[in-house]
Amino acid sequence: STLDRSSAASDVYKRQKLKSLLDSGRCYVETKGLDSTPRQRNCIGLQDDEHYYLFADTTHSEVRKLCAEQGEHFSISKNELLRQLRKEGLLLSRTSRNTVSVRDNSNTVVNVAMLNKLKMEERLSGDLYRPTAEVG
């Protein structure tokens with residue numbers, strides 16, 4: 001498979017799948033701190049101006065389902081995916097764990113994968129629109 005040949009290509013692929021989940025309306029993230037109706041089953045996390053706080057199990061499961069529906073096999077485990085996101089500098093944690101505890105909108109403590117929103121968006125736009133020359 002071409003996805004296995006290059007870890008960079010594989011990383012681009014994984015980020016694009018996450019973006020597809022959100023863009024399609026299939027899944028959503030709530031704005032952290034806003035009172036809202038009870039969370040729907042297709043909610044994969046929270047967001048604020050700087051971070052995505054993703055429910056790792058739910059997000060991983062939804063990406064796997066999306067790939068299966070598209071006839072693709074997403075074989076990477078949740079923990080390996082979190083390790084790769086951390087290695088890329090997208091996942092933020094103050095400890096050796098790949099998740100952090102935050103309060104959700106119902107004031108319940110939840111464990112989430114905290115991702116740098118700006119870096120995620122830069123990588124996604126960079127993947128789609130590669131600059132033709134380096135600036136600098």
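1. R39 is partly exposed, with a relative accessible area of 36%. Buried means under 20% relative accessible area, exposed over 50%, and partly exposed in between (1.4 Å probe, protein chains only). R39 sits in the loop between β1 (28-31) and β2 (43-47). Helices (H or I, at least four residues) and strands (E, at least two) are DSSP runs, numbered from the N terminus.

2. A note on the source. This is a predicted model: local features need pLDDT of at least 70, side-chain atom pairs count only at pLDDT 80 or more, and totals for chains, interfaces and linings use all residues. Residues are numbered from 1 along each chain as its sequence is written, and side-chain values use heavy atoms, with hydrogens and water left out.

3. What does R39 touch, not counting residues up to four places away in sequence? The partners are Y28, E30, F55 and D104. Contact means heavy atoms within 4.5 Å. R39 and D104 are 65 residues apart in sequence, yet 9.8 Å apart in space, C-alpha to C-alpha.

4. Strand β5 (residues 100-103) has two faces. V100 and V102 are on the covered face; S101 and R103 are on the uncovered one. In a regular strand the side chains alternate between the two faces of the sheet.

5. β5 runs antiparallel to strand β6 (residues 109-116), and four bridges join them. Two strands pair if DSSP finds at least two bridges between them. S101 stands opposite N111 in β6. The hairpin has five residues between the strands, and N107 takes a positive phi near 70°.

6. Helix α2 (residues 56-69) packs on helix α3 (residues 78-87) at an angle of about 105°, with the axes 10 Å apart. Axes are lines fitted to C-alpha atoms, for helices over the stretch in contact, and angles run from 0 to 180 degrees between N-to-C directions. α2 and α3 are therefore roughly perpendicular to each other (65 to 115 degrees; under 35 counts as roughly parallel, over 145 as roughly antiparallel, the rest as oblique).

7. Which residues make the contact of α2 with α3? A56, D57 and H60 in α2 meet K78, L81 and L82 in α3. The residues of this contact divide into three nonpolar, one polar and two charged. Ala, Val, Leu, Ile, Met, Phe, Trp, Tyr, Cys and Pro count as nonpolar, Asp, Glu, Lys and Arg as charged, and the others, Gly among them, as polar.

8. Overall, the protein has four helices and six strands. From the N terminus the order is α-β-β-β-α-α-β-β-β-α. Of its 136 residues, 40% count as buried.
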